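Trainee: I am new to this structure, and I would like to go through it step by step with you. Could we begin with a term that we will need, and then turn to the chains?

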Amino acid sequence: MRIFIGRLAPAALLAALAGGGGVVAAAGAGDAGDSAANALAREIFAQLIEINTTNSTGNVTTAAEAMAQRFRAAGFPAADLVVDGPQERKKNLVVRLRGTGQHRPVLLIGHLDVVEARREDWSTDPFQLTEKDGYFYGRGTLDMKSGDAIMAGTLLRLREEGVRPSRDIILALTADEEGGCCNGVDWLVRNHRELIDAEFVLNHDGVVGYSISSEHGVPQEFAFSATEKMYADYQLTVTNSGGHSSLPRSDNAIYQLAAGLLRIGRYSFPVELNEVTRAYFERMASARSGQVADDMRALTHAAPDEAAIERLSREPGLNSLMRTTCVATRLEGGHANNALPQRAVALVNCRILPGHSKEEVRQSLIKVLDDPAVTVRYVANDGAISDTAPAQRAQSPSPLLPQVLGPLESTVAAMWPGLPVVPFMNASATDGIYTRGAGLPTYGVAGIAVDRDDMHAHGRDERVRVAAFYRANEFFYRYLKALTAR
Amino acid sequence: MRARTFAAGAAAALLLTTVRGAPGAAADAAGASNALARELLAQLVTINTTDSPRGNVTTAAEAMAQRLRAAGFAAEDIQVLGPSERKKNLVVRLRGSGRHEPVLLIGHLDVVEARREDWSTDPFELVEQAGELYGRGTLDMKGPDAIMLAALIRLKQERFKPARDIILALTADEEGGGANGVQWLLQHHRELIDAQFVLSGDDYSVLTENGRPLFFKLVASEKVYADFQLLVTNKGGHSSVPVPENAIYTLTRGLDRLATYQFPFELNAVTREYYRRLARIESGQRAADMRAILRDPPDEQSLARLSHDPVDRSITHTTCVATRLDAGHANNALPQRALAVVNCRILPGHSPAEVRERLVQVLADPGITVGYLASDGTLRAQAPADRGFAPPPLLPEVMNPLDRLVAETWPGLTVIPSMSAGASDATHTSAAGLPTYTFSPLSVDPNDDREHGRDERIGVASFYQANAFFYRYLRTLTAN
């Protein structure tokens with residue numbers, strides 16, 4: 001990992017950091033971007049939001065076909081367009097913009113599926129792109145149909161401009177990143193490696209946590225992901241012989257589960273930094289000021305100050321970088337209003353730091369729960385439940401390649417002068433685990449500015465700033481062009 | 001009066017003679033009745049009558065109507081009727097001399113859900129194992145339904161002419177659902193079920209401990225049933241970045257407070273009588289504690305000891321308990337909604353509205369909304385302000401034969417009037433002005449009460465004993 005730090009400190013980056021001590025002006029070159037390109041991106045964006053791609057009632061194939069149709073219409077040869085997958089509703093699109101072949105290809109990945117959204121929970125129809133008060137609302141506006149639209153729009157724009165990139169640009173828009181039977185990236189890696197083989201991968205997913213973090217729309221830093229936490233679900237179960245609810249007994253499955261969840265809610269996993277997060281906090285300490293900068297500095301010392309850790313932990317985004325997190329996301333208990341519950345079940349979702357295993361976290365949960373009546377079992381991606389979890393440790397970071405970072409720094413510097421570019425550990429699981437697992441260095445690069453306190457991905461009223469969307473569209477075009485210029 | 005007493009004595013003597021004259025025949029009749037009751041129970045258990053797409057109360061009502069027709073009941077005395085296709089009720093009448101107003105027997109045909117995976121046996125099959133009959137509803141209350149039916153069929157086959165019509169109503173949606181049969185019959189066909197008083201079979205009466213009967217419970221008062229919904233909403237978000245405010249944790253904090261809360265102690269006329277009589281049967285610390293809580297003010301330590309027992313706690317307090325949970329919409333998303341159902345059993349004299357206020361105080365968190373869930377499933381911001389009904393008078397025509405037969409069947413056992421903690425259809429008949437008494441002569445150890453739970457069961461011997469008892473009681477009750 002020394003290599004990593006060495007490569008991460010090119011002169012341009014250090015210069016940018018030196019000049020970026022405070023808040024960076026929102027203004028920069030090419031604010032508006034190309035209006036035709038923006039109109040196209042928006043049109044694709046709206047089209048994708050309207051196609052329900054949830055795992056329940058949705059259809060990813062419909063979205064993949066709709067995008068394929070656009071590429072066909074733009075003149076991409078049939079040979080460079082593949083819509084395929086293991087199941088009728090879960091097909092992926094792979095499209096290739098041919099380059100000069102000077103270098104091996106770059107693979108862009110984005111998932112088309114979205115998490116569930118209930119109309120009654122939302123202020124707007126989640127499956128309509130609604131522009132309101134400077135925001136686009138809709139399921140997937142952040143995670144990640146905005147990114148899909150930007151990548152697809154950029155590829156179409158490069159094609160129309162007749163750009164001959166120095167390497168093939170492959171775009172894969174895929175299924176089941178959010179869960180479900182048929183993860184598209186996994187399937188492509190296993191079954192059609194030749195279609196997506198590349199020197200490195202850019203993953204547009206991960207607006208959640210890494211991207212441009214902003215405050216009231218003013219960008220604070222440009223984060224790119226070089227590693228990610230490992231995703232794991234656990235099922236907590238309490239059983240009881242139940243009985244008639246008119247005679248409440250001293251032990252109750254729901255109360256036992258509730259007490260256990262309260263212990264989990266209060267528990268914090270130990271703070272642990274790795275090379276990426278250490279570099280993140282070091283750089284952010286320089287980029288920010290005041291108490292938070294001091295605390296970040298204190299965190300990176302050999303013996304971190306407890307008070308500093310406590311203050312940093314209050315910010316959810318920073319907390320998730322410092323430690324493994326586990327949070328209750330679902331509950332189910334009882335079978336009738338008038339019967340004592342025979343079962344109470346909670347789903348606890350964990351994001352595990354690199355170097356730790358799912359089984360290790362399961363053991364920690366058992367210790368925290370401190371109640372043999374609560375069983376903790378592992379829930380695999382396919383929903384299968386097992387008594388123990390895999391012992392495999394979370395992947396280590398991808399090496400930072402200068403051919404990826406150089407153009408990134410120069411593009412960011414041109415569009416957002418002074419904005420620090422910081423390495424990041426993605427707290428959310430992405431399809432990057434499959435490409436990294438296949439030996440392809442993978443970086444999360446998005447460029448969509450999201451306010452720290454306005455993260456609605458997976459929640460209700462998911463939204464993205466209209467201006468941030470267009471600016472990210474322009475950024476991605478410029479970055480991809482710079483990346484494949486030579 | 002004299003003449004009537006004489007007549008009664010003559011009838012009893014006649015019966016006695018018959019029994020003496022043909023002991024084999026009487027034993028055969030009792031055996032045949034037991035076989036029939038068990039056959040009816042097995043049939044009822046096999047018919048899924050849950051309030052779910054798989055359940056159908058009408059199927060059970062029709063099946064029993066068919067049995068009654070086959071036993072010789074006239075078509076006009078058998079009605080299968082109700083507000084919806086799957087929720088029909090059976091009403092049958094055994095015609096009597098008309099000397100007195102009818103007696104109405106009520107029993108519900110529906111059962112609560114049972115999941116095969118939670119049970120050791122198939123809940124929708126009657127399975128005998130080690131002297132026990134297992135199946136959903138064996139106790140609550142297809143066992144009592146079968147016993148009431150068997151008694152009626154036996155009386156019919158014996159060409160018995162009761163002194164009052166005996167009406168039996170087997171009904172839908174006592175356990176929930178939108179089509180409560182008793183309520184519907186009272187509202188739409190009062191003439192079919194009008195009676196001087198009502199006997200409900202919806203509670204076992206012989207409470208046992210280690211197989212030994214303790215007392216015979218006659219329910220003459222009921223708590224008020226109320227469901228509340230606790231709801232927490234949150235804007236949610238991605239589960240990779242947990243935020244301090246979490247709908248599930250807010251809800252569980254509230255449930256944690258509710259788990260340790262106890263409503264105030266309170267006695268009424270029935271529960272006072274209950275403890276007064278029970279104190280004579282019990283011994284040692286328990287008897288002393290019962291006497292001590294009857295004092296004014298009650299003894300705190302005695303109350304604390306008694307309240308440790310779920311039954312005593314429910315008799316002396318309003319109780320509220322969490323029965324269901326539902327939260328979250330995806331494994332990898334922070335929950336936007338977390339909700340719990342809290343089921344309360346409210347002492348007579350108090351209202352659901354009052355209990356709702358108390359829940360709000362106990363939860364002590366404006367982030368938790370407490371709504372009232374009506375029996376038809378609708379959610380309301382406010383709960384009804386109606387208070388529970390006062391107990392009916394203990395009628396001698398009901399009590400005397402009961403006292404006598406209980407003493408004969410279980411020497412030394414006392415009938416103890418009590419208040420039911422489980423609200424039942426007696427609520428509706430009481431509200432309609434019909435004095436209602438609930439008992440079913442099944443023997444159950446309250447420490448092993450599996451009503452609504454998994455592996456619900458009744459003892460085979462207890463079932464047959466209850467069957468014989470109920471037949472005798474009904475015959476005696478309507479003899480003159």
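Mentor: Let us start with pairing: two strands count as paired if DSSP finds at least two bridges between them. Please keep in mind that what we are looking at is a predicted model.

Trainee: Which residue of β11(B) is the bridge partner of A:Gly333?

Mentor: Strand β12 of chain A, residues 325-333, and β11(B) run antiparallel and are joined by three bridges. A:Gly333 belongs to one of the bridged pairs between chain A and β11(B), and its partner there is B:Leu325.

Trainee: Which element gives the most to the side of chain B that touches chain A?

Mentor: Across the two chains, 56 residues of chain B are in contact with 57 residues of chain A. Several elements of chain B each supply at least two residues to that side, including α7 (247-260), α11 (310-316) and β13 (337-346). By class, the side of chain B that touches chain A holds 21 nonpolar, 20 polar and 15 charged residues. With eight residues, the element that gives the most is β11(B).

Trainee: Leaving aside neighbours within four places in sequence, which residues is A:Leu171 in contact with?

Mentor: Once its neighbours within four places in sequence are left aside, its contacts are A:Val95, A:Leu108, A:Met151, A:Ala152 and A:Leu155.

Trainee: Why is one side of β4 and of β18 in chain B left without a neighbour in the sheet?

Mentor: The open sheet has three strands in the order β4-β5-β18 (chain B), with antiparallel pairing. Since β4 (127-129) and β18 (457-459) of chain B stand at the edges, each has a single partner strand.

Trainee: What angle does the direction of helix α15 of chain B make with that of β18(B)?

Mentor: Helix α15, residues 460-477 of chain B, packs on the sheet and touches β4, β5 and β18 of chain B. Its direction and that of β18(B) make an angle of about 75°.

Technical notes. Residues are numbered from 1 along each chain as its sequence is written. Chains are lettered from A and ligands numbered from 1 in the order in which they are written. This is a predicted model: local features need pLDDT of at least 70, side-chain atom pairs count only at pLDDT 80 or more; totals for chains, interfaces and linings use all residues. Helices (H or I, at least four residues) and strands (E, at least two) are DSSP runs, numbered from the N terminus. Two residues are in contact if their C-beta atoms, placed from the backbone, lie within 7 Å. Axes are lines fitted to C-alpha atoms, for helices over the stretch in contact, and angles run from 0 to 180 degrees between N-to-C directions. Ala, Val, Leu, Ile, Met, Phe, Trp, Tyr, Cys and Pro count as nonpolar, Asp, Glu, Lys and Arg as charged, and the others, Gly among them, as polar.
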